[in-house]
Protein chains: 2
Amino acid sequence: MWFSRKGRLLLISLLSVVFLVDFYFHLWPVLMRRIGRDCGCSESREETSKLQQLFSHPLYLPQDPLTPALQHRLLDIHETNEKYMKRVAHLHRKEEIQKHNAAWNSSTHVTETTFNLSIPWLQFHLEISQDALYPRSSKTVQKLIDWMGNMTIIKADLTQDAKKLKGECDCEKIVKPSGTHLKLVLQFQDLGKAMFKPMRQRREEETPEDFFYFVDVQRHNAEIAAFHLDRILDFRRVPPVAGRLVNVTSEILKVTPNEDLKDVFFVSPAKNVCFFARCPYSCKTEYAVCGNPHLLEGSLSAYLPSHFDAFRISVQNPWKRAYTFTGKEEWEVNPSYCDQVKQTEPYTNMKRLLNMMDLAIFDFLTGNMDRHHYELFTKFEDDGFLLHMDNARGFGRHSYDEITILAPVYQCCLVKEDTWLRLRLLSTPEYRLSDVMRESLSQDRLQNILTEPHLLALDRRLQTVLRVVEACVQKYGNGSVIIKEKRKRTVPTHGQQRTV
Amino acid sequence: MWFSRKGRLLLISLLSVVFLVDFYFHLWPVLMRRIGRDCGCSESREETSKLQQLFSHPLYLPQDPLTPALQHRLLDIHETNEKYMKRVAHLHRKEEIQKHNAAWNSSTHVTETTFNLSIPWLQFHLEISQDALYPRSSKTVQKLIDWMGNMTIIKADLTQDAKKLKGECDCEKIVKPSGTHLKLVLQFQDLGKAMFKPMRQRREEETPEDFFYFVDVQRHNAEIAAFHLDRILDFRRVPPVAGRLVNVTSEILKVTPNEDLKDVFFVSPAKNVCFFARCPYSCKTEYAVCGNPHLLEGSLSAYLPSHFDAFRISVQNPWKRAYTFTGKEEWEVNPSYCDQVKQTEPYTNMKRLLNMMDLAIFDFLTGNMDRHHYELFTKFEDDGFLLHMDNARGFGRHSYDEITILAPVYQCCLVKEDTWLRLRLLSTPEYRLSDVMRESLSQDRLQNILTEPHLLALDRRLQTVLRVVEACVQKYGNGSVIIKEKRKRTVPTHGQQRTV
């Protein structure tokens, strides 16, 4: 039976409406999602790279010669190369003996170690200057990251900290940094080293709000993200960090000479190879990390020159927190605390104080409350920069901003002009911090280093920093708050007083 | 412009197809979901209570007199009441002194303790018989659950286990039961006691597959769910358990005389009141449990009569697991292991062996691998039942069934006829295990004791039990596998041999 003309018209209209509704609510969104997924034309690809634009901005243009002047370098080139050549020769002799033994005993493992003077870790060490860990336009950083991601691991070991503890727990101290001792030193075929921190938390997990900062786990992705953030802020005070899938069996268990480390390996009920830290988890395996069955994500942080070659001192942060349940430090109860700090060495030197402001801003952006100490190279004295090491307790909670991390800034009302200009730049849509971070992190070998909420939290926190500084400016005036650093290029001598 | 007749027909056909596809794939499922959500007409509401139907089924009808015959009871009524009255009198004298002191010192806390002989915990103790912890038709169980959920808590303390350890860790043992020591004994106004296990894991969290069974946390909801399951299976070997929101400040911290317990309380960064176990978490607070800011969910398990009144022995499970990383117990490698067990006291007694099968089935359904020991009242000797205590490590993973928990059943090929009939009944749609469990759990004061995936896992595991038994029947015949228990009603005497 066929309808009348009017009926047909009505039916067509009705069906058309259904089709349009369906198209609008179901098909169109699906189509858009498909197109978005398949064509690979995300915003960052459609536009020119925001990150490249940022690094081309006048505030980021190379001012210094790529190779710093001799007197501003941390290491002496000739001395360093010579030392390295000696180590190479020593290893070659050792390998010859190994080869000789291997002819008699086929089970002996012989590593063919290859060397040359242009290896990334050596170049990285040579580029460290009074200004930063690497020059703005350094090509070495990317090489170093690729190197850490690819190089054959020939040895794994516990860190010196863990060795000192030797599995013993000091249970009197509730502040024993938990999780610290799952980090390992990995040595590469070319004698370079990196600090390995394994993945212990899934990206979408947030630190419970009841956790104290000192019991939070260390996050490998926070370590990676902190390096990228530090580079974007142009501090260049975090040693380069790369993500890598490490084979816990062939790249740790089989290449460690350390029996204590071998002892903490086990096969889990799910048949994955796992290891745990002997202290402070003496009786525990639930805090173990496991491969799948062998591969495990982790961060690799490039090692700095040894203490013998470039001594670093560790200085207690004047704004450090009380590592107890109830204790309060003076800065938490005394709003004029900065006046005291300003009168205390080494903070009588404005440069050092301004460096503390940079560190506070950096830690506030990552949400890291665990900055009890900072390090710096003794060679540069007060002209040197503060190292922004150990950032694995950042990025724990995207939904919460710990304003007290900014205490140095709102108590002293100071910020470097360079830092201030860059922070403002990163708050503009053209150079939005979350966008450049997303792009920068996408260069790592591991995927989704930070989840979107963590990236967006960076923008929110940046706004907070700007507001805090603006409030200071309103109170004390621009000139007293935003401080222009004078560049001073003298070879540092002991006892010399410096001004900013 | 209007199309030709053919064109119109084509358009109508096309639009009709689009409509039908849309209706089938989008509108119909949405409609179904809406209807399901809005009308509140879930299966259990439409029908009469499945749980009531189950308990009215001939397999569940009361066979025994409500009050068991004197000689089958665990406790002597007169003796028990007399003891209780003496304790009451003692407490009243103590209270008089307190009142007297309070007149002099207003800060002294005086509790007006009220008593009578019909209090639920006393009735519960008096109903324990040779058959089970409570009769099928007991009215006391619900009263006991209400009592635990409401009664004023006058004292909190560490358990005897925790007191023995006194905060020391035996780090040689990797099997130290983690999480055990967050449990507390709570005492009520009428001198009754319950074991409190706090919530340590969110309902939707699954135990990671790399965890060994002995490091898994204890789940308060598993403890509650296990009691309901045990009752539904008609074992009645789990002491009643109730969920309750406990105020950790007023109902634990303020009423504990134990300084060790007071010492582990702290206020978290989120301003919640928390406490942690001193051992094995000596240096750690991340395993603390926290109120919100004071209220904390937990399970309360009714205390059994004291060891002085009714001695229990703890017997090692012949199918216990190796509490090490790599060790294997004999049952794991020897399929004929049951033959050995059958020749070993006390399992030469078929009744005991059949009780072990019940326990294995119960543990397989909950997924509890941590049954290293079981307890039983010495008074009833081999005629007694096995207590199904400590079930907090069940319900860890809904997505995985650990078939080896059923080893006693598939190695011995035995099951009690009563149990078998009930398991089959619970596999029918009319009495589906997940449905009666859902209904039973909804009677607890806490919400969503088990998530849906955990409830559905019960049905899946029940099918596995049935398949395992059916395979046995096929191999050895019905009569050798499904064993009818003869009821024996004699007063037990020492050394007397029993048959099933």
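Modeller: Let's start with a term: buried means under 20% relative accessible area, exposed over 50% and partly exposed in between, with a 1.4 Å probe and protein chains only. This is a predicted model, where local features need pLDDT of at least 70, side-chain atom pairs count only at pLDDT 80 or more, and totals for chains, interfaces and linings use all residues. Residues are numbered from 1 along each chain as its sequence is written, chains are lettered from A and ligands numbered from 1 in the order in which they are written, and side-chain values use heavy atoms, leaving out hydrogens and water.

Biologist: Thanks! Why is B:Arg393 called buried?

Modeller: Its relative accessible area is 7%, and the cut-off is under 20%, so B:Arg393 counts as buried.

Biologist: What makes the link between the side chains of B:Arg393 and B:Asp370 a polar contact?

Modeller: A polar contact is a pair of N or O atoms within 3.5 Å; within protein, one must be able to donate a hydrogen and the other to accept it, and residues adjacent in sequence count only if both atoms are side-chain atoms. The B:Arg393 and B:Asp370 side chains are joined at 2.7 Å, so the pair is within the limit.

Biologist: Over in chain A, why does A:Asp370 count as buried?

Modeller: A:Asp370 has 14% relative accessibility, so it too falls under 20%. Contact means heavy atoms within 4.5 Å; leaving aside neighbours within four places in sequence, A:Asp370 is in contact with A:Tyr323 and A:Arg393.

Biologist: And what is listed for A:Asp370 in UniProt?

Modeller: The unreviewed UniProt entry lists A:Asp370 for "active site"; such annotations may be inferred rather than shown by experiment, feature names are shortened, and positions are given in the numbering used here.
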